[in-house]
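Let's go through the aromatic rings and the pockets, one question at a time. Have the model open as you read.

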Amino acid sequence: MKYRKKPIVIEAFQMTPERRADNADWPQWLHQAWNKPWEEAGSVCCADYPNSKGTDKLQIKTLEGVMTVEWNDWIILGVKGELYPCKPDIFAATYEAVA
């Protein structure tokens, strides 16, 4: 059998070194995840905590484990509020911008 992904609308934010160093344009949901306790699924933390200088990569605590956000990865806010990273090529093949 073949299946097609249901059309859903998600929110996403592409993480770059510049956006990591200056979080002024982070979406509200990413700020909220940053402020969650690290023990909680859906939290975001710097990879070099507590020695971060604001230039290290981010990590997302998911129900499946800790996932590292590489530079230029997209952070996706899923339909149930979950966060996860997505490689740029997979993101481009899977998603398109909506108005």
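Rings of Phe, Tyr and Trp (its six-membered ring) count as a pair if their centres lie within 6.5 Å. Keep in mind that this is a predicted model.

Q: Which residues form one aromatic cluster?
A: The structure holds three aromatic pairs. As for the cluster, its members are W74, F91 and Y95.

Q: Are the rings of W74 and F91 stacked or edge-to-face?
A: Planes under 30 degrees apart count as stacked, and those over 60 as edge-to-face. Here the centres sit 4.2 Å apart with the planes at 10 degrees, so the pair is stacked.

Q: How many residues apart are W74 and F91?
A: W74 is in strand β5 (residues 74–77), while F91 belongs to helix α3 (residues 88–94). The pair thus links distant parts of the chain, and the separation is 17 residues.

Q: Is W34 buried or partly exposed?
A: Buried means under 20% relative accessible area, and exposed means over 50%. W26 comes in at 5%, so W26 is buried. W34 has 30%, so W34 is partly exposed.

Q: Which residues lining the largest pocket are the closest to its centre?
A: This pocket holds about 290 Å³ of space. Of its 13 lining residues, the closest to the centre are I8, T94, Y95, E96 and V98.

Q: Which elements give two or more residues to the lining of the second largest pocket?
A: The volume of this pocket is about 190 Å³. Its lining includes K61, T62, L83 and Y84. The elements asked for are β3 (58–62) and β6 (83–86).

Methods
Residues are numbered from 1 along each chain as its sequence is written. This is a predicted model: local features need pLDDT of at least 70, side-chain atom pairs count only at pLDDT 80 or more; totals for chains, interfaces and linings use all residues. Side-chain values use heavy atoms; hydrogens and water are left out. Buried means under 20% relative accessible area, exposed over 50%, partly exposed in between (1.4 Å probe, protein chains only). Helices (H or I, at least four residues) and strands (E, at least two) are DSSP runs, numbered from the N terminus. On a 1 Å grid over the protein atoms alone, a cavity is a set of points where a 1.4 Å probe fits but cannot get out, and a pocket is an open set with protein on both sides within 12 Å along at least five of seven lines; lining residues have an atom within 4 Å of a point. Grid points are joined across faces, edges and corners, and a volume is the space filled by probe spheres set on the points.
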